There are 2 protein chains.
Amino acid sequence: MKNMIGIKQASKLSETSPDTIRYYEKVGIIAPIKRDKNGFRQFSERDIRRIKFMRHMRTAGLNISSLLEYANLIQQGDQTKDERVTFLKEQRDQLQKQLTITQSAIDQLNYKIDHYDEHMSDAKHLI
Amino acid sequence: MKNMIGIKQASKLSETSPDTIRYYEKVGIIAPIKRDKNGFRQFSERDIRRIKFMRHMRTAGLNISSLLEYANLIQQGDQTKDERVTFLKEQRDQLQKQLTITQSAIDQLNYKIDHYDEHMSDAKHLI
DNA sequence: ACTTGTATTAGAGTGCACACCAAGGTATAT
DNA sequence: ATATACCTTGGTGTGCACTCTAATACAAGT
């Protein structure tokens, strides 16, 4: 059959290992994937997008259980729109916080880099 | 004795749990802490700064083994200055990369938040 | 003398997010 | 018929960074 995407291809397209894809399906952050007559997963483009999204959010630092909450809202249908948006905002705010922390760590590293000579013997800035 | 800081106080000041402080000492990302006659750790302000720095870097996403490399350079003395600076730059660059990923995740969340209504039925943007 | 508070150690346990493995099924090519 | 390529499942293993537990010890307060 043409246009059928196996897990190997899906893995490449979504930049997510087959094991991870199966794991995501198992824990429920992606919806169950359609199977062919042999029980093999057949991925649609939408499936790929979902996997990519989840992978992206994971890489950024969101954890599985948070993403599961969102996946559950999606599965419950359109009447959960407000909750979904609230959720997305919460996660965004959390990432924003994380970003601030990371930025301040970068700043501290830059400070050290720029002032290393003068601070070699300066207890205030040496670690 | 006045001016002696026990692990509990050190924990508060550095916002790091006593267990974590002991762990950091054990793995070597902070130097061995001075002990009093009973074997209790006595933290100096510099110790506190070191712990805070390591905690900060950990929170930002650097891993223990990277920080251990740096700690080893410090322990080897001033002649490792160039290596230290190189190291700091590497870590900064890694954090910068991570920051970019986080930012793009935030962007994607914001896009979803801003366009939720119109995309409820739009397969291109729904996950 | 006893309790309370603070600390020590070695080592075991935890939680997360996968990664790996064995045993097996199916389909196509040679 | 046999190799190969792809997939399935259930279960086990891994690495990281803590976190907790048990057994012990000391010092000060009542």
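User: How many residues does the contact take from chain A and from chain B?

Analyst: This is a predicted model, in which local features need pLDDT of at least 70, side-chain atom pairs count only at pLDDT 80 or more, and totals for chains, interfaces and linings use all residues. Residues are numbered from 1 along each chain as its sequence is written, chains are lettered from A in the order in which they are written, and side-chain values use heavy atoms, without hydrogens and water. With contact defined as heavy atoms within 4.5 Å, the numbers are 41 residues from chain A and 41 residues from chain B.

User: What area is buried between chain A and chain B?

Analyst: Buried area is the accessible area (1.4 Å probe) that two parts lose on being put together, summed over both. Carbon and sulfur atoms give 68% of a total of about 4200 Å².

User: Which helix gives the most to the side of chain A that touches chain B?

Analyst: Helices here are DSSP runs (H or I, at least four residues), numbered from the N terminus. At least two residues each come from α3 (45–60), α4 (64–75), α5 (81–114) and α6 (116–119) of chain A. With 22 residues, the most is given by α5(A).
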